[in-house]
Structures are given as C-alpha cells and as structure tokens.
Amino acid sequence: MSIFKVIQVFDGIQSYIIQSTDEALGADANDFLRYLATCGRSIYTLKSYARGIAGFLDWLHQHRISLAAVNQHHIDDYIGEFARAAKR
C-alpha cells in the first residue's frame, strides 16, 4: 500500500500535491510541484509529475532507500521495474 497520495489543491494557483506520512519527502516533492505551478505548467503536466514523483517515492520507500542515497543504479532499477509493470 502506498504512503503517498496525490491530491488536487488550490492555493492561489491550481496544482497537485503529494500527501505522505513521510513529511520530509512530501515537502521536497511539493516544493518542486509548487515551483512547476508558478512556472505556468498545465494542470495535466502537474498531475502527471505528481503521480510520477509519488510512484518513485513509493518505490524508494518499499526498497528502504532514502532520497539522499539515490544514485543512477537506483533510477535504472526503478525504470526497469516500471517498464516491466507497464507491459502486464
């Protein structure tokens, strides 16, 4: 079960944020999503990024990998698992 949930918000700008029981990861992700919103990205782009980020953070959580420890090997593993799951 995912600890990350994407929700739509309106805080002066319509956007999406990630709710999480891990407040530190959620805060970093939401700072990035707010930045994209202030740059004028479309709501569909924001939703897509929020879902993608939530999925990656959930994968990190399941594999007990901290965001600070992420390297290219982790990213390659995530992309591989994501691609295999999409083919099912």
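In which helix is the place of Asn30? Asn30 sits in helix α1. The notes below start from the basis of the model and return to this residue in point 3.

1. Basis. The model is predicted: local features need pLDDT of at least 70, side-chain atom pairs count only at pLDDT 80 or more, and totals for chains, interfaces and linings use all residues. Residues are numbered from 1 along each chain as its sequence is written, and side-chain values use heavy atoms, with hydrogens and water left out. Helices (H or I, at least four residues) and strands (E, at least two) are DSSP runs, numbered from the N terminus.

2. Nonpolar core. The largest nonpolar core contains 18 residues. Such a core is a set of buried Ala, Val, Leu, Ile, Met, Phe, Trp, Tyr and Cys residues joined through side-chain atoms within 4.5 Å. Phe4, Ile18, Ile53, Leu57, Trp59 and Leu60 have the most contacts inside this core. Two or more residues each come from β2 (14-20), α1 (23-38) and α2 (43-62). The greatest contribution is that of α2, with 8 residues. In soluble globular proteins, nonpolar side chains tend to be buried together.

3. Asn30. Asn30 counts as buried because its relative accessibility is 7%; buried means under 20% relative accessible area, exposed over 50%, and partly exposed in between (1.4 Å probe, protein chains only). A polar atom of the Asn30 side chain lies 2.6 Å from the backbone nitrogen of Ile18. For reference, a polar contact is a pair of N or O atoms within 3.5 Å; within protein, one must be able to donate a hydrogen and the other to accept it, and residues adjacent in sequence count only if both atoms are side-chain atoms. Leaving aside residues up to four places away in sequence, Asn30 touches Ile17 and Ile18, where contact means heavy atoms within 4.5 Å.

4. Salt bridge. The structure holds 1 salt bridge, a term for a side-chain nitrogen of Lys or Arg within 4 Å of a carboxyl oxygen of Asp or Glu. Its partners are the side chains of Arg34 and Asp31, at 3.5 Å, N to O. Both residues belong to helix α1 and are 3 residues apart, about one turn of the helix. Arg34 is partly exposed because its relative accessible area is 41%, and Asp31 is partly exposed because its value is 47%. Side chains of opposite charge can pair when their charged atoms come close.

5. Surface patch. Phe32, Tyr35 and Tyr49 make a nonpolar surface patch of about 330 Å². Patches are made of residues with over 30% relative accessible area and no salt bridge: like charges are joined within 9 Å, and nonpolar side chains (Val, Leu, Ile, Met, Phe, Trp, Tyr) within 5 Å. Accessible areas come from the Shrake-Rupley method with a 1.4 Å probe; for residues, only the protein chains shown count as cover. Phe32 lies in helix α1 and counts as partly exposed because its relative accessibility is 37%.

6. Loop between α2 and α3. Arg64 lies in the loop between α2 and α3 (72-86). Its phi is near 55 degrees, a positive value in a residue other than glycine. At 76% relative accessibility, Arg64 counts as exposed. Leu67 is in the loop between α2 and α3 as well and is partly exposed at 36% relative accessibility. Leu67 and Leu57 are 10 residues apart in sequence, with 8.0 Å between their C-alpha atoms.

7. Asp76 lies in helix α3 and is partly exposed, at 45% relative accessibility. From Asp76 to Gln19 the C-alpha to C-alpha distance is 25 Å, and the two are 57 residues apart in sequence. Lys87 belongs to the segment after α3 and is exposed, with a relative accessible area of 74%. The C-alpha atoms of Lys87 and Ser15 are separated by 30 Å, for residues 72 apart along the chain.
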